[in-house]
Amino acid sequence: MACVYLYQGKSLSKDEFVKELLDMKPSEASKYMPGVTSIPDVPFIKSDTAWSMLGIKKAIQYAATNGFDKIAWPSTPEQIYEIEGWGEVIKEDGRYKNLDGENDVTAIVNRYLVDLPRNVNRFLKSQIKTDVKVEKAEIPTHKPRKKITLGGEETGKMVTTTSPVTINSVDISSFAEQVRREGVPLFSMAGKKAVTEKAPMFSKQATTFQDTLGLTTEEDLAINRKHQKDIKRAAFNSIKRVAAEIKEGADKFLGSISTRLGNISPKIKAKMRRLDFDIGILHAKDVETVEGMLRKEKKMTRDDYADFDYARKNSAIEVIDRLVDKYNMRTEYQAYRDTLDRIAKEAHDVGLVFGEIEEYAPRILKDSKGFLTAIGKADEWPVYSDAIKEKAHELDIDVDTLDVDQRANIISSMILGGWSGLGGVSAMKHRKLKKIPPELNQYYMGSDAALMQHLYSMRKLIEARKFFGKIPAKVTEMRKRMYQAQSRIRQLTKEIAAATDEKEIQKLKRRKNKNIGLEKQYTAYITAYATQRDYKENIGVYVDELIVNEEVKPKHERVLNEILIARFHEKGTRGLVQSYKNLSYIDTMGSPISALTQIGDLAWAMYEGGMIKTLKHAYKSIRKRSRITKEDVGVSRIAQEFADAGTLSSAVNTVFKLVGLEKIDSIGKETLMNTALEKYQEQAKENPAELKKQIGSIFEGETDNVINDLIKDKITDNVKLLVYSRLLDFQPVALSEMPQKYLDAGNGRLFYMLKTFTLKSFDVFRNEAYNKIKKGDVQGFKNLVRLACFFVLANAGADEIKDFFLRRHTDFEDRVTDNILRLFGVSKFVTWKARTEGVGSALSRQILPPFKFIDAAGKDILHAGDEKGLEVMASIPIAGKLAYWHFFRGKHKREDLWDRRLRKKKAELNKVKNKLDTSKNKREFKHKYHTELLELKKINEFQGELNQIKKRINKLKSLTESITRKEYIQKLTLKRTNMIKLYLK
C-alpha cells in the first residue's frame with residue numbers, strides 16, 4: 001500500500017511530497033528532514049555590498065549556463081522606477097523620493113546606477129580575471145515577471161523584453177565557458193574553500209533528501225569502499241584539525257593580537273598599532289591642555305577645593321567663576337573648557353551623541369550599588385524606574401538585562417544631564433533635577449579623577465571610530481532619514497494649523513503620526529549605535545570591504561572578526577579586583593630591587609643594534625638626552641597623580657616613581673627606540689630599497705617620505721610611529737600587543753598580572769626567529785642565537801646587581817640555569833619556589849595571580865615566635881625588601897641558602913658513591929673517581945663538625961631563654977654559616 005503524506009491539509013503521494021520538499025526553504029524542510037540545515041546568514045546579510053555581489057554572481061552563472069551572451073540592468077532612474085513598481089518619484093537636492101510611500105529611495109537608485117557597475121567590474125577583475133567592463137547596450141524594455149530566490153530570500157528579478165532602450169550591460173560570452181566549467185564562487189566559509197554554483201552549498205555534501213531515495217547502486221558501493229580506505233587519511237586530517245584548533249585556542253589566550261593580525265594582513269597590524277600610537281599621542285596632548293588648571297587647584301584650601309569639585313559637577317557657574325578668579329586661574333580654566341568642547345565636537349563628528357549642557361564637566365559614578373541604594377529611599381524613585389524602563393525600551397532590551405552600572409548611569413544622567421562614562425547611556429538633553437544632592441556626591445569620582453578618565457576614555461572612543469574610516473552607511477542613511485522625518489513633521493504641523501477642512505486635517509494628522517513613528521525608529525537606531533561600544537556594525541562593514549578588496553582572505557574572516565570585536569570591546573578590571581591588582585603591584589614591584597629587574601629590557605636593544613649602541617643610548621637616556629622619549633610616542637601616562645585614588649592607581653604611580661621603576665623602565669624603552677632609530681637611519685642611507693619593503697605596510701604611500709626623513713635626520717610623527725612600532729615588537733606597552741582573551745577578560749585580567757612581559761618574550765622569539773626558521777630562512781637561526789644570548793646576558797646582569805645589594809650569593813651555574821629557564825617563561829621566583837616548595841607549588845604560582853602579601857602573612861602566623869622576623873616585611877613599599885634581606889628573615893634565609901648549597905654538593909658526591917656500589921670493576925672506578933671519593937670523605941667529616949654545632953644550638957634553645965643564651969646561639973649560628981662559606985669557597 002502506497003504511503004500518503006499530509007501537508008498543509010493536502011494528501012500527497014511520495015513523489016508529490018518530494019517535489020514540495022525540494023521547493024521548500026531549508027529551514028522549513030528541516031521540520032520534515034532533520035538532516036537539512038538552513039543557509040547560513042553570514043555570507044549574505046552582513047552588508048548591502050554582499051547582497052549586491054551575490055545577485056551579480058547568480059546572474060552571471062544563470063546567463064552562462066542558459067546560453068545568454070549578456071547580463072543587463074537599468075541605467076536610468078526612470079527604468080528603476082518601472083522595475084521596482086514605484087509611483088511618482090521626484091529628485092530633490094540630489095535625493096530621490098517616492099511620493100506615494102513618502103520614502104527616500106536614493107540608496108536603491110544608487111544601488112543600480114553606482115554599486116552594480118562598480119561591483120561587476122570588481123568581481124570580473126578578481127574572480128573571472130578578465131578586462132571586460134560595464135558598457136551601454138540597446139535591449140528591449142524590461143518588466144518584472146519573476147523573482148530570483150535563494151533559500152527563500154530574494155536576490156534579484158528576472159525580466160521579459162518588449163521594446164529597445166539603452167541600458168547597462170556586460171558581455172559574458174568571452175568567459176561563459178569558464179563559468180560553465182568552473183562555476184562562480186558565491187561565497188566563502190571560514191576555513192573552507194569557496195562555495196560555488198556548481199559545488200554543494202553546505203558542508204554535508206551527501207545529505208540531500210533526494211539522495212535517500214531509490215535503490216543502492218554500484219556507484220554507491222564504490223564510493224563507500226573508497227571512504228573506508230581513506231580512514232587513515234581521515235584520522236590524520238582529524239589530528240591535524242585538532243592540533244590547529246589547539247594552536248588557535250592557545251593563540252587566543254597567549255598570542256599577541258598584533259602578531260595574529262600580521263599573519264592575516266600586515267596592513268591591518270600596522271593600522272592597529274597606529275591606532276594605539278594616535279591614542280597615546282593625542283591623549284597626552286589633551287592632558288597637557290588641562291594640566292595647568294589641575295596644578296593650580298593644588299594651591300586651594302581644602303574647603304575651596306571641595307567647593308570647586310562640587311560646583312563643577314553641578315555646573316554652578318557663579319561658584320566656579322568666584323574660585324577661578326580667587327586663585328588667578330582664568331587662563332587655565334578656559335583651556336580646560338576649550339579642551340572639553342573640542343573633544344565633544346570630535347565625538348559628535350564620529351557619531352557619538354551628547355547633550356549640550358552649559359559648563360559641562362565629566363561626572364562618573366564610582367559606587368553604583370551605593371548610589372542605587374541611596375536613591376531607592378527617595379520619593380522620586382518611581383520617576384527613576386520609569387526612566388530605566390524608557391531607556392530599556394529605547395534600546396530594545398529587557399529591563400532585567402540592564403546591570404547595576406547601567407541602571408545607575410541612567411539615573412545619574414537624569415540628575416546631572418551629560419555623558420556618564422564608558423558603556424553608559426547617551427547624555428540627557430536637559431536636566432530633570434537642578435543639582436546633585438550633597439549626600440550623593442560620595443558615590444561619584446572627584447571631578448579631577450573623572451576628568452582624567454573622561455579624557456582617556458573619550459580619546460579611545462574617538463580614535464576607535466576613526467579606525468574604521470567612516471560611520472557605517474546604514475547609520476548615515478538613518479540619520480538623513482531622521483532629519484527628513486523631522487522636517488516633514490514640522491511642515492505637517494504648519495499645514496494642520498492652516499487647514500480648515502476636517503477630513504484634510506485628519507489626513508494630515510495621520511501622515512504626521514506616521515512620520516513621528518518613523519522618526520522614533522530612526523532615533524532609536526542612531527541612539528543604539530551612538531551608545532554601543534562593541535562596533536559590531538562598523539566591524540562587519542570593515543571586514544566585508546577588506547574581503548571584497550582582496551586585502552583579507554575569506555578563510556581569515558572569522559578570526560579577524562573575533563580579534564576586532566575583542567579589541568574594540570575590551571574590558572578592564574574594576575572595583576575590588578582593580579584595587580587588589582594595584583595593591584599587588586605595590587607589593588611585588590614597590591622596591592628598588594624589583595626596579596632593577598627592568599635592566600633586563602636592555603636585551604632587546606642589544607639584539608637590535610649591538611652592545612655599543614645600546615650602552616650609548618642608555619647613557620643618553622640616563623642623562624635625559626634621548627632623541628625620542630617615552631612621552632614623544634605617548635607611552636607615558638602623564639598627570640596620573642590626579643587619577644582616582646579609590647583604586648590605588650595614584651599610589652602605584654607614586655611608589656613606582658620613588659623606587660626608580662619608572663626611570664629604569666624609561667631607560668629600557670628609550671634605549672630600544674633610539675637604537676632602532678639609528679639602525680633605520682643607517683638602512684635608509686645604505687639600502688633604502690630593502691627598508692622600503694620592511695616598512696611599506698606601515699606607511700604605504702608615505703613610505704618614501706619617511707625614508708627621506710630618516711636620511712635627513714628629521715624626527716617627524718611618522719618617524720616616531722616607526723620606532724614606536726619597533727618598540728611594540730618587543731614590549732607589551734599597548735593593547736595591540738596583548739592576547740585576545742586579555743582584552744575581553746574583565747576582572748580575569750588578574751591572571752595575566754606580571755605575565756605580559758613573558759608572553760611578549762614568546763612573541764619576540766616567534767616573530768624574530770621561529771617564523772623565519774619555519775620558512776627555511778637561515779637568518780632565523782642567527783636571530784635565535786642572538787636573542788637567547790642577549791636575553792640571558794642582560795637578565796643575569798640584573799640578577800647579579802640585585803644579589804649584590806641584598807648580599808646574596810648565587811652560584812654561576814644556578815644563575816645561568818635560572819635565565820635559560822626564563823627563556824621558556826619560568827621566572828626566577830618560580831624556580832625558587834620549585835627548589836624550596838616543590839614543582840607543584842611552582843606551577844601553581846606560574847598560573848595564579850600573585851598573592852605575595854597573603855602568603856607572607858600566612859607564614860608569619862605559622863612561624864610566629866621563631867625570632868627570625870616577619871615575612872610581610874618584604875612587602876612594605878620602597879625600603880621593606882632591603883630591610884628584610886639585611887636585618888630580618890631574609891638574613892636567616894641567606895644562612896639557609898648556604899646549608900642548601902652544602903647539601904647540593906654532598907648529593908652530587910653521593911651519586912658517585914652510589915655508582916661505585918654498583919660498578920663491576922670497583923678498583924678501576926676508585927682510581928678514576930679518586931678525587932670525588934676523597935672529597936666525599938672530607939665533606940662527611942665536615943658535616944659531623946657542623947652537626948655538633950647544630951646539636952649545641954638545639955640544646956641551648958631547649959633551655960630557658962636569656963639574653964646571654966640568645967647571643968650565644970646567634971654566635972654559634974654565624975660560626976656554622978661562615979664554616980660552610982669557607983669550605984665551599
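Reader: Does Met-272 count as buried or exposed?
Author: This is a predicted model, where local features need pLDDT of at least 70, side-chain atom pairs count only at pLDDT 80 or more, and totals for chains, interfaces and linings use all residues. Residues are numbered from 1 along each chain as its sequence is written, and side-chain values use heavy atoms, with hydrogens and water left out. The cut-offs are under 20% relative accessible area for buried, over 50% for exposed and in between for partly exposed (1.4 Å probe, protein chains only). Met-272 comes out at 0% relative accessibility, so Met-272 counts as buried.

Reader: And in which helix is Met-272 found?
Author: Helices here are DSSP runs of H or I with at least four residues, strands are runs of E with at least two, and both are numbered from the N terminus. By that count, the helix with Met-272 is α11.

Reader: What does Met-272 touch, not counting residues up to four places away in sequence?
Author: Contact means heavy atoms within 4.5 Å. Ile-257 is 15 residues from Met-272 along the chain, and their C-alpha atoms are separated by 9.5 Å. Leaving out residues up to four places away, the ones Met-272 touches are Leu-261, Phe-467, Leu-564, Arg-567, Phe-568 and Ser-736.

Reader: What covers the buried residues of α14?
Author: Helix α14 (residues 330-349) has 20 residues that should span 28 Å, and its end C-alpha atoms sit 29 Å apart, which agrees. Its buried residues are Tyr-333, Tyr-336, Arg-337, Thr-339, Leu-340, Ile-343, Glu-346 and Ala-347. Their cover includes α11, α12 (302-314), α13 (317-326) and α18.

Reader: Which residues of the largest nonpolar core touch the most other members?
Author: Nonpolar side chains tend to be buried together in soluble globular proteins. A nonpolar core here is a set of buried Ala, Val, Leu, Ile, Met, Phe, Trp, Tyr and Cys residues joined through side-chain atoms within 4.5 Å. In the largest one, with 42 residues, the members touching the most others are Leu-710, Leu-722 and Tyr-724.

Reader: Which element gives the most to this core?
Author: Two or more residues each come from α11, α25 (602-622), α27 (661-686), α28 (688-699), α29 (703-711), α30 (717-728), α32 (756-774) and α33 (778-806). Seven residues is the top contribution, and it comes from α30.

Reader: Moving out to the surface, which residues form a nonpolar patch?
Author: Patches take residues with over 30% relative accessible area and no salt bridge, joining like charges within 9 Å and nonpolar side chains (Val, Leu, Ile, Met, Phe, Trp, Tyr) within 5 Å; a salt bridge puts a side-chain nitrogen of Lys or Arg within 4 Å of a carboxyl oxygen of Asp or Glu. Accessible areas come from the Shrake-Rupley method with a 1.4 Å probe, counting only the protein chains shown as cover for residues. Met-611 in helix α25 is partly exposed, because its relative accessibility is 34%. The patch has about 270 Å² of accessible area together, and its residues are Met-611, Leu-615 and Leu-793.

Reader: Where is the place of Gln-598?
Author: Gln-598 is buried, because its relative accessible area is 15%. Leaving aside neighbours within four places, Gln-598 is in contact with Met-589, Leu-661, Ile-664 and Asp-665. Its place is the loop between α24 and α25.

Reader: Which residues does Ser-591 touch, not counting those up to four places away in sequence?
Author: Ser-591 sits in the loop between α23 (575-589) and α24 (592-595). Its relative accessibility is 4%, so Ser-591 counts as buried. Beyond four places in sequence, Ser-591 touches Val-659, Ile-878 and Lys-881.

Terms used
The expected span of a helix is 1.5 Å times one less than its number of residues.
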